[in-house]
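Visitor: Could you walk me through this structure, step by step? I am new to it.

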Amino acid sequence: MSNEGDYEVGRPRYQGSGAPGEQGAGSRGAQPGVIPGSTGIPRRGESGGSSSGTVVRKTAPAAVVAMAFAAVGWLLPVFGGLMAIRRARVALHQIEASGGELDGVPLAVWARRLGWVYVVGWSVALLYIALRIYIDVTNVMVTVK
């Protein structure tokens, strides 16, 4: 029995039937950004430009802005998170409407997640502070009587 290619111990290795488009045991499938059917490596005499078969998509500017808002959203209680969530929504719609020309879905998704973390975190913190102030005020009112 050969252990060649066993890079993950304990995981079963499934053998493909060899049908077109089916990936075998040692195959990892197409690399991201490479057109299926091409090697992704320029042939001899070709430049490394667009003839190499790789496709580089532009990142959506709205996704970058959403991540920027998410990065500094903790500075503004609740509103920073809301801005990140709204910009991430706009970025996802922009990416969907581009028809595959724009990328940046991971940026937009993580900006939205961070935005929700900030909204929930700041809401809990502000609720706790407001509750403490209310308790302190009512304790002062009771002791003054």
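The dialogue below goes from the overall layout to the helix packing.

Guide: Welcome! This is a predicted model, in which local features need pLDDT of at least 70 and side-chain atom pairs count only at pLDDT 80 or more, while totals for chains, interfaces and linings use all residues. Residues are numbered from 1 along each chain as its sequence is written, and side-chain values use heavy atoms, with hydrogens and water left out.

Visitor: Which elements does the chain have, and in what order do they run?

Guide: Helices (H or I, at least four residues) and strands (E, at least two) are DSSP runs, numbered from the N terminus. Here there are three helices and two strands, and from the N terminus on the order is β-α-α-β-α.

Visitor: How many of the residues in the chain are buried?

Guide: Buried means under 20% relative accessible area, exposed over 50% and partly exposed in between, with a 1.4 Å probe and protein chains only. Of the 145 residues in the chain, 19% are buried.

Visitor: How do I read the packing of two helices?

Guide: Two packed helices are described by the angle between their axes and the distance between the axes. Axes are lines fitted to C-alpha atoms, for helices over the stretch in contact, and angles run from 0 to 180 degrees between N-to-C directions. Angles under 35 degrees count as roughly parallel, over 145 as roughly antiparallel, 65 to 115 as roughly perpendicular and the rest as oblique.

Visitor: Are α1 and α3 roughly parallel or roughly antiparallel?

Guide: Helix α1 (residues 61-72) and helix α3 (residues 105-144) pack at about 25°, with axes 8 Å apart, and are therefore roughly parallel to each other. Contact means heavy atoms within 4.5 Å; residues of α1 including Ala63, Val64 and Met67 meet residues of α3, among them Leu107, Trp110 and Tyr118. The residues of this contact are twelve nonpolar, no polar and no charged. For this count, Ala, Val, Leu, Ile, Met, Phe, Trp, Tyr, Cys and Pro are nonpolar, Asp, Glu, Lys and Arg are charged, and the others, Gly among them, are polar.

Visitor: At what angle do α1 and α2 pack?

Guide: The angle is about 165°, and the axes are 8 Å apart. That makes α1 roughly antiparallel to α2. In α1, Pro61, Val65 and Phe69 are among the residues that meet α2, whose side of the contact includes Met83, Arg87 and Gln94. This contact divides into twelve nonpolar, two polar and one charged.

Visitor: Where does Val78 lie?

Guide: Val78 is in the loop between α1 and α2 (79-97). Its phi is near 65°, a positive value in a residue other than glycine.
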